Amino acid sequence: MECAGKGSGTRCLGPARKRCGRCGAVSYCSASHQISHWKVHREECERLEQQMKNLDLLNDFPFTFSQESTVQISEKQESRCSFLRKRGIHQVGLWVCECRCGASVTSFGNSRLQSDTWNLSNILCPCRGTTFASRLPTFWFALMNASRINLPLTVYHSIQLAGLGSLTSEISKLCIHYLGPEKELLQLAVFGELRALFPGVFVQIELIGPAVPHHRDGDKIDLHSYAHCIEQDCDCRYKNENTSCSIGHTSSAVTLQLHRGYYHDRFLDISKDSHPHLVIAPNAGIAAYASWLPTIELIKEINVPAVFSDYCEEACNLAACCINAVTNQPPRLPIQLNPFRQPMVVEDSPLHLPCYSNCFLFAM
């Protein structure tokens with residue numbers, strides 16, 4: 001935890017162990033830094049105090065491991081590495097970039113999408129069915145092991161929140177513009193699960209962001225099968241082979257296309273063949289990057305629903321203020337907790353507030 005008053009003029013005198021007595025969300029290295037930072041902190045203190053009252057709600061997951069993956073990681077009694085290692089999924093498959101010693105997004109530039117991305121034993125195999133209802137136990141079991149299944153579930157939830165849920169039963173093709181992918185670039189196979197969430201719909205996702213490597217710009221990836229396990233004789237391999245062979249006769253598939261750059265720079269080219277029903281920006285960090293401002297202006301201009309997520313409620317509050325400054329309008333959808341946030345807390349949060357991937361959502 002860094003001193004909230006760091007960079008205020010004088011050097012920090014040691015570890016940030018002195019917490020604000022009112023909100024308890026920020027810490028300081030000394031009383032002098034706390035006093036000098038008050039002119040900044042007083043604007044947010046009451047708001048952070050209210051957010052801190054929701055700690056139990058944020059950490060509440062219906063899993064037996066919830067205490068380990070939330071409170072114990074936050075309090076340094078556990079780490080992400082040790083949590084994953086205990087469950088035999090450390091640096092395995094979709095979990096490979098979920099800790100500090102895992103793969104980085106830069107490694108995506110030298111890789112291609114592999115058919116064994118899931119890379120699980122048959123104990124964790126997602127082969128129970130091809131519809132959302134039949135695969136739901138697998139979704140939750142994967143979530144219990146802190147996978148990235150929160151991505152397709154968050155996409156699904158965002159579509160419902162944007163009021164487009166009924167649309168998916170009326171159209172044959174759903175187009176989503178997905179902004180700022182980073183870790184997702186190492187976990188593209190998980191988007192194949194959208195086939196179970198939107199049966200009978202062709203889902204096209206354009207992933208646009210500066211993290212896409214130059215030589216992957218324009219790559220198109222067709223996901224005709226679900227993720228499967230590493231067991232040679234498992235039913236999931238047989239089902240995947242049959243599904244892939246009959247893709248020309250099935251009405252459900254997911255296509256991803258990668259685009260390097262910022263959305264406001266690439267939109268005209270992309271929208272020629274792919275005008276979006278919805279824009280999604282996960283873990284956006286709008287207040288932290290000035291490059292978002294022209295993108296917000298563009299989204300307002302094209303008048304397409306856009307759903308944003310971030311790691312904590314305060315980040316969403318700051319983002320909503322930025323959007324209001326550009327559009328002169330409050331969020332179309334108020335800030336709310338995402339029930340499909342990743343159930344493993346982010347390590348080394350700048351606040352004492354727990355942070356989770358895709359934790360809160362709001363829309364413009």
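Author: Let us begin with a pair of helices: α2 and α12 are oblique to each other, a word kept for angles that are not under 35 degrees (roughly parallel), over 145 (roughly antiparallel) or from 65 to 115 (roughly perpendicular). The model is a predicted one, in which local features need pLDDT of at least 70, side-chain atom pairs need 80 or more, and totals for chains, interfaces and linings use all residues. Residues are numbered from 1 along each chain as its sequence is written, and side-chain values use heavy atoms, without hydrogens or water.

Helix α2 covers residues 45-52 and helix α12 covers residues 313-327; the angle between them is about 140°, and their axes are 10 Å apart. (Axes are lines fitted to C-alpha atoms, for helices over the stretch in contact, with angles from 0 to 180 degrees between N-to-C directions; helices are DSSP runs of H or I with at least four residues, strands are runs of E with at least two, and both are numbered from the N terminus.) On the α2 side the contact (heavy atoms within 4.5 Å) is made by R47, L48 and Q51, and on the α12 side by E313, E314, N317 and L318. Sorted by class, two residues in the contact of α2 with α12 are nonpolar, two are polar and three are charged. (Nonpolar covers Ala, Val, Leu, Ile, Met, Phe, Trp, Tyr, Cys and Pro; charged covers Asp, Glu, Lys and Arg; the others, with Gly, are polar.)

Helix α10, residues 263-271, crosses α11 at roughly 35°, and the two axes come within 9 Å. Here Y263, H264 and F267 of α10 meet P294, T295, L298, I299 and I302 of α11. The contact of α10 with α11 has six nonpolar residues, two polar residues and no charged residue.

Aromatic rings come next, and the structure holds seven aromatic pairs. (Rings of Phe, Tyr and the six-membered ring of Trp pair if their centres lie within 6.5 Å; planes under 30 degrees apart are stacked, over 60 edge-to-face, and the rest tilted.) One of them joins F65 and F83 edge-to-face, at 5.4 Å centre to centre with 65° between the planes. This pair links distant parts of the chain, 18 residues apart: F65 is in the loop between α3 (55-58) and α4 (66-74), and F83 is in helix α5 (residues 80-86). F65 counts as buried, at 4% relative accessibility, and F83 is buried as well, at 0%. (Buried means under 20% relative accessible area, exposed over 50%, and partly exposed in between, with a 1.4 Å probe and protein chains only.)

W292 and F308 also pair edge-to-face, at 6.1 Å centre to centre and 75° between the planes. Again distant parts of the chain are linked: W292 lies in helix α11 (residues 292-302) and F308 in strand β8 (residues 306-310), 16 residues apart. Both W292 and F308 are buried, and together with F362 they form one aromatic cluster.

Between α11 and β8 runs a loop that contains V304. With a relative accessible area of 7%, V304 is buried. Its C-alpha atom is 7.3 Å from that of P276, although these residues are 28 residues apart along the chain. Beyond its neighbours within four places in sequence, V304 is in contact with H275, P276, H277, L278, V279, I299 and M364.

Finally, the whole protein: 12 helices and 10 strands are present, and buried residues make up 53% of the 364 residues.
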